[in-house]
Amino acid sequence: MTLLITVFAAVFVTVKWYTRKDDSMQLGLLIFMLWGASIMWLVDAVFEYIELRAEYFSPAAEDMLNDAFLGLSVIAVALVVWLIRLLITDPKGVVRDSLRKQAEKSSKKSVEV
């Protein structure tokens, strides 16, 4: 389940990156993290299949739920890391402009007082 969830997320972000004309949202980092997680889960699935053989294809419902939560949490961590990087680099200047406007408002209030 973790492999399936991360592969779907990686494919979705890769298609989104490929169809965009510019890379201002820096999707490359997110793509590398998601494909890296997908490869990790693929290796894990291969070794688990070697160990379990036929039992691999009949997991318990509890195991599938745990795997789904793990897959979603990996995607959430990747999105948080990507968002932090995006806020730090601020490619479109949104954070910088917001801070500048806030500083101008505070300086006007201090001048009026």
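## Helices and Overall Form

Helices are DSSP runs of H or I that hold at least four residues, and they are numbered from the N terminus. In this predicted model, L4 has its place in helix 1, which covers residues 2-19. The protein chain contains four helices and zero strands. Read from the N terminus, its elements follow the order α-α-α-α. The radius of gyration of the protein chain is 21 Å, whereas the globule rule gives 13 Å for 113 residues; the chain is therefore more spread out than a compact globule.

Along the principal axes, the C-alpha atoms of the protein chain occupy a box of roughly 75 × 35 × 15 Å. Of the contacts in the protein chain between residues at least 6 apart in sequence, 75% link residues that are at least 24 apart.

## Surface and Charge

Of the 113 residues in the protein chain, 22% are buried. The accessible surface of the protein chain amounts to about 8600 Å², and carbon and sulfur atoms account for 69% of this surface.

The protein chain carries 12 positive and 13 negative charges. The mean position of the positive charges and that of the negative charges lie 19 Å apart.

The relative accessibility of T2 is 9%, and a residue counts as buried under 20%, so T2 is buried. L4 itself is partly exposed, with a relative accessible area of 46%.

S38 belongs to helix 2, which covers residues 27-52. Is S38 buried or exposed? Its relative accessibility is 3%, so S38 counts as buried. When neighbours within four places in sequence are left aside, the contacts of S38 are L3, T6, V7 and A10.

## Aromatic Residues

Four aromatic pairs are found in a search of the whole structure. In one of them, the ring centres of Y56 and F57 are 5.3 Å apart and the ring planes stand at 85°. Why is this pair classed as edge-to-face? Planes over 60 degrees apart count as edge-to-face, and the angle between Y56 and F57 is 85°, so the pair meets that condition.

Y56 and F57 form one aromatic cluster together with Y49. Y56 is partly exposed, with a relative accessible area of 26%. F57 has a relative accessible area of 63% and is exposed, because the cut-off for an exposed residue is over 50%.

## Loop Residues with Positive Phi

Q26 lies in the loop between helix 1 and helix 2. Its phi is near 50°, a positive value in a residue other than glycine. Q26 has a relative accessibility of 17% and so counts as buried.

D90 is placed in the loop between helix 3 (61-89) and helix 4 (94-112). The phi of D90 is near 45°, which is a positive value in a residue other than glycine. With a relative accessible area of 13%, D90 is buried.

Note on methods. Residues numbered from 1 in each chain as written. Predicted model: local features only at pLDDT ≥ 70, side-chain atom pairs only at ≥ 80, totals over all residues. Heavy atoms only, no water. Helix = DSSP H or I, 4+ residues; strand = E, 2+ residues; numbered from the N terminus. Rg over C-alpha atoms; globule rule 2.2 N^0.38 Å. Buried < 20%, exposed > 50% of the residue type's maximum accessible area, 1.4 Å probe, protein only. Contact = heavy atoms within 4.5 Å. Areas by Shrake-Rupley, 256 points an atom, 1.4 Å probe, with all protein chains shown as cover. Lys, Arg positive; Asp, Glu negative; His and termini not counted. Charge placed at Lys NZ, Arg CZ, Asp CG, Glu CD. Phe/Tyr/Trp six-rings, centres within 6.5 Å; stacked < 30°, edge-to-face > 60°.
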